[in-house]
Amino acid sequence: MNKIYNPDKKDWRKLLKRPTQTVADIEATVNSIFNEVADDGDVVLKKYTEKFDGVSVDNLLVATEEIDEAKGLVSKELKNAIALAKKNVEAFHAAQKTDKVEVETANGVLCWQEKRPIQKVGLYIPGGTAPLFSTILMLAIPANIAGCKEVILCSPPNKEGKIHPAILYVANLCGVTKIFKVGGIQAIAGMTFGTESIPQVYKIFGPGNQYVTVAKQIATKHGVAIDMPAGPSELLIVADDTANAAFVASDLLSQAEHGVDSQVILVSTSKELILLVEQEIVKQLNELSRKAIAEKAIANSKLIYVDDDKTAIDLINEYGPEHYIVCVANEEKYINNIENAGSVFIGNYTPESAGDYASGTNHTLPTNGYAKQYSGVNLDSFMKSMTFQKISETGIQEIGRAIELMAEAEGLQAHRNAVTLRLKSLE
């Protein structure tokens with residue numbers, strides 16, 4: 001890993017740059033595939049599935065028989081682990097329900113807000129080198145708690161034309177209505193426009209590689225909402241001499257193994273800890289089955305030393321990490337002053353992987369600095385807030401004159417007349 005000591009603030013932006021391509025680099029490819037899918041539907045989905053996933057798929061929809069077969073291929077131990085995680089994710093997201101907000105803003109003017117579920121949502125679940133079935137828990141569970149009527153899922157098939165059994169098992173367990181064997185840009189395009197097989201959705205959720213991230217952003221140009229621009233995974237840890245170097249190294253590697261374009265960063269006020277963590281990374285790296293992937297991600301990652309807590313906090317807020325682990329003696333100072341982070345993990349015994357799987361919080365989080373303006377997925381992500389108002393005769397008399405004056409000042413005579421007619425009817 002690259003060690004940097006007391007970087008100058010003017011160099012922070014360059015230092016903290018993610019190892020990702022810009023939208024412009026791959027937008028042309030995405031637009032080309034989108035245009036094809038919009039014109040020719042399933043034929044194009046199958047063409048690109050064969051091109052990118054190396055398999056010819058006759059039927060994009062996963063059959064009931066395949067789901068039943070998958071149930072038998074998942075071990076009892078894993079089913080029990082999934083059940084525990086499901087319970088915790090349900091508990092945390094169910095607690096996010098809010099009551100109707102109702103206020104009489106003036107005498108006879110009643111305003112209220114209620115939430116309604118998004119009717120049709122699409123979930124994108126990466127397959128490839130790591131079938132992220134845990135992401136289904138994070139997306140399908142809140143979708144069902146919210147009351148979404150249609151929850152479809154797209155995931156790339158393997159070389160045998162099948163989706164990983166754990167993905168099928170969890171999708172069925174969590175109430176997904178339809179599952180499709182399609183991944184990448186073409187999956188996002190399919191959910192954006194709708195095809196002969198795949199229904200069009202109103203909002204798309206789920207992480208993916210850089211191509212999927214750009215595809216989701218392009219989808220917003222075609223009237224489909226997205227959860228956030230969630231791209232390659234990232235983790236920043238702030239740690240001092242009270243941290244366990246082995247734990248810190250294991251957390252850094254847990255994110256590095258996600259993909260070659262993942263990024264992990266350690267910020268510390270201890271030069272000794274940095275050296276110990278570096279040694280632990282070398283030791284633990286040799287034990288990983290995904291060593292080759294983690295090594296490439298580590299090459300993009302950094303160990304940064306700063307002299308004091310304030311500098312550390314400022315640098316962390318400039319980065320805006322997806323995942324943020326705090327392992328320091330004065331943890332309250334760091335917790336109270338974090339402004340930009342997707343999800344925060346506190347203390348030596350709170351690994352980031354707990355949030356990935358079973359603590360109950362959601363692991364679909366903003367990356368690439370988007371934590372500065374986006375929230376991670378939560379129950380409200382699957383809902384819309386709608387406002388209502390009812391004004392009585394007394395109410396229109398209470399606020400009518402103010403409306404008339406404001407409408408006239410803006411030069412909108414019809415707006416004024418809509419009130420004036422009502423006020424005159426009450427004279």
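## Overall composition

The protein contains 17 helices and 14 strands, where helices (H or I, at least four residues) and strands (E, at least two) are DSSP runs numbered from the N terminus. This is a predicted model, in which local features need pLDDT of at least 70 and side-chain atom pairs count only at pLDDT 80 or more, while totals for chains, interfaces and linings use all residues. Residues are numbered from 1 along each chain as its sequence is written, and side-chain values use heavy atoms, with hydrogens and water left out.

Taken along the principal axes, the box filled by the C-alpha atoms is roughly 85 × 60 × 45 Å. Of the 427 residues, 48% are buried, that is, under 20% relative accessible area, with exposed meaning over 50% and partly exposed in between (1.4 Å probe, protein chains only). Among contacts (heavy atoms within 4.5 Å) between residues at least 6 apart in sequence, 75% join residues at least 24 apart.

## Helices H5 and H6

Helix H5 (residues 76-94) packs against helix H6 (residues 134-146) at an angle of about 50 degrees, and their axes lie 10 Å apart. Axes are lines fitted to C-alpha atoms, for helices over the stretch in contact, and angles run from 0 to 180 degrees between N-to-C directions. H5 is therefore oblique to H6; angles under 35 degrees count as roughly parallel, over 145 as roughly antiparallel, 65 to 115 as roughly perpendicular and the rest as oblique.

From H5, Ile82, Ala85, Lys86, Val89, Glu90, His93 and Ala94 meet Leu137, Met138, Ile141, Pro142 and Ile145 of H6. The residues of this contact comprise nine nonpolar, one polar and two charged, where Ala, Val, Leu, Ile, Met, Phe, Trp, Tyr, Cys and Pro count as nonpolar, Asp, Glu, Lys and Arg as charged, and the others, Gly among them, as polar.

## Helices H16 and H17

Helix H16 (residues 393-409) and helix H17 (residues 413-425) pack at about 150 degrees, with 8 Å between their axes. This angle makes H16 roughly antiparallel to H17.

In H16, the residues Ile396, Gln397, Gly400, Arg401, Ile403, Glu404, Ala407 and Glu408 meet His415, Arg416, Val419, Thr420 and Leu423 in H17. Five nonpolar, four polar and four charged residues make up the contact of H16 with H17.

## Cysteines

The structure has zero disulfides, a disulfide being a pair of cysteine sulfur atoms within 2.5 Å. For cysteine 174, the closest cysteine sulfur is that of cysteine 148, at 13 Å, which is too far for a bond. Cysteine 174 is buried, with a relative accessible area of 6%, and cysteine 327 is buried with a relative accessible area of 8%.
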